[in-house]
Structures are given as C-alpha cells and as structure tokens.
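Please examine the sequence and the structure displayed here before reading on.

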Amino acid sequence: MNKTFYFLIIFIFCFSFLNASAKEIKKPYNVPILVYHSFGPAHSKKESAMQKHYRVTEKVFEQQMKYLSDNGYHPITFYSYINSLKNNTELPEKAVILTFDDGWKTQYTYAVPILEKYHFTGTFFIISKNTNGSYMNWDNLKDLTTKGFEIASHTETHPMLTKLDAVKLKKEVEGSKKTLEDKLGIKVTTLAYPNYMQNETVRSAVKSAGYLGARGGWAKFKNSADHIYELTSQEVVNNPNPFSEKRVPDLP
Ligand SMILES: [Zn+2]
C-alpha cells in the first residue's frame, strides 16, 4: 500500500513536470518586428545622413536574410502575429516579422527577389495616395498580394496622426484601408503609424476603422495582446546582422 502510494506521488510529480515543460514551449516568444525603408544604391549624391541610415544595400539585405535563414528564424506576416496574440495560438519557433514602410519602389526591385529566394514573407505598409514615381504602383502591389505578401496601411498621406483633428484622422485611417481593399481586392487588417506617432485617440480611431492591430515604435513594454494597437518594433540598418542595435545617427 505504501509503495503504491509513493509510486503514485512520483507519477504525479513526473506528469506535472512534463506538462509544465510542454507549456514552456508554448510560452509567448517575444517576436522581433523589424522595420525596413529603402534599398539599393543611393538615389543621389545629395543623400542626407538620415536617408543613408535607412537605406539597406542589396548585398547587405542578402546577408541579413541569410543570417535569418542560417539561424533558424521563420518570418511571418504582421497579421499572423496579431492573430496569434488575439487567439493565443502557437507561432513557429523563432518567428520574426519583416516589415517594409512607405511603399518604396526599391523594396520591389531589390528586396522582394531576395525574400522570394529565401521563401520569406513580409508585410508592406503602403501610403495609399503614393502609388507612382519612386513608390510601387498598383501593378507592383497586386503582384505582391499574389505572391502571398501582406499589404497593410500606412495611412493615405503619411501625416503625424497625433496632430490631426478627428475628421482628418478618421479619413486617413479609414480612407487608406478602403482604397487598398478596393484596388487590390484584399482585406486590410493592420496599420503602421507614420513616424511611429500615436496616442490613445489615434489607437481608438484605428480600432474603430476595423483594424485588428497596429505597429508602433520603441516602448518599454513587451509585446502582448494588451498592446495590440501599439506593438513595438525596431529599425534595421545597413549591417549584416538584422538585429544590430545601432541607433539613428545625429543629423547635421
Ligand atoms: Zn513611414
């Protein structure tokens, strides 16, 4: 009787230990959200320190994607991450989110072929009124959707949302969603704040417009379902390690 009792205790102990380790694997991993801007060679010799800082060359982007691939990272879309936070579903091990801001044509020319080579996905935040010249056009954006990339909103005209009155704010967040959806025949569910500028009013306008989540900038908290409209992100610079901590240089 005593022996059986001890075995039972040991069994319960082992079972709860195994169960705890299983839960450990499911624990939310702090998924890095990386932010890219332009790619390729300099547009002009007059490039500012800021423009240079945000531009990643084709060679370095290739090195960065190789780094992610060699180190077992799994890029997912921003929407997939939000969906997982909201519904508490599992993500691939070492998930990472590659986001591309402003819809620069150089993203399509230089970054997309490299993403395709590595079978990586990503999220493109588009300014819905900027779709010509040095920005991707509707054909480029349509092509991205057919290739499985997420197209998301970066507002209509890239204003500082915190400085707008309620009417203009609503127009920027609702208008861009509607335009992208109508032109591309897709559902737009996420947004990135221009210049990371947001506050409670802005977040609630974004929520009311029907977005499921949004990307903010740097913040002290860890990303979770509680911060779904202000998920923190980090900018990538022209360094072979995409997680390089280098900050924005002082401008002249
Ligand atoms: Zn932007």
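The following questions and answers concern this predicted model.

Q: How many helices and strands does the secondary structure of the protein chain come to?
A: The protein chain has 252 residues, of which 34% count as buried. Its secondary structure comes to 8 helices and 10 strands.

Q: Is strand β5 largely enclosed by the rest of the structure, or largely open?
A: Strand β5 spans residues 95-101, a run of 7 residues. Of these, 6 are buried, so the strand is largely enclosed by the rest of the structure.

Q: Which residue of β5 is the bridge partner of Tyr36?
A: Strand β1 (residues 33-36) runs parallel to β5, and 4 bridges join the two. Within β5, the residue bridged to Tyr36 is Phe100.

Q: Which residue of β5 is the bridge partner of Pro75?
A: Strand β4 (residues 74-76) pairs with β5 in the parallel sense over 3 bridges. Together with helix α4 (residues 78-87), β4 and β5 make a right-handed β-α-β unit. The partner of Pro75 in β5 is Val96.

Q: Through which helix does the chain cross from β5 to β6?
A: β5 and β6 run parallel and are joined by 3 bridges. In one of these pairings, Thr99 has Thr123 of β6 as its bridge partner. The β-α-β crossover from β5 to β6 is right-handed, and the helix it passes through is α5 (residues 105-117).

Q: Against which elements do the buried residues of α7 pack?
A: Helix α7 covers residues 166-184 and reaches 27 Å from its first C-alpha to its last, close to the 27 Å expected at 1.5 Å a residue. Its buried residues are Leu169, Glu172, Val173, Ser176, Lys177 and Leu180. These residues pack against β6 (123-126), β7 (150-153), β8 (190-192) and α8 (200-208).

Q: Why does Gly213 count as buried?
A: Gly213 is found in strand β9 (residues 213-215). Leaving out residues up to four places away in sequence, Gly213 touches Ile82, Thr190, Ile228, Tyr229 and Leu231. A residue is buried if 20 or more other C-beta atoms lie within 10 Å of its own. Gly213 counts as buried because its number of C-beta neighbours inside 10 Å is 23.

Terms used:
Residues are numbered from 1 along each chain as its sequence is written. This is a predicted model: local features need pLDDT of at least 70, side-chain atom pairs count only at pLDDT 80 or more; totals for chains, interfaces and linings use all residues. The expected span of a helix is 1.5 Å times one less than its number of residues. A residue is buried if 20 or more other C-beta atoms lie within 10 Å of its own, exposed if 12 or fewer, and partly exposed in between; C-beta atoms are placed from the backbone. Two residues are in contact if their C-beta atoms, placed from the backbone, lie within 7 Å. Two strands pair if DSSP finds at least two bridges between them. A crossover is right-handed if, with the strands pointing away from the viewer, the path from the first strand over the helix to the second runs clockwise.
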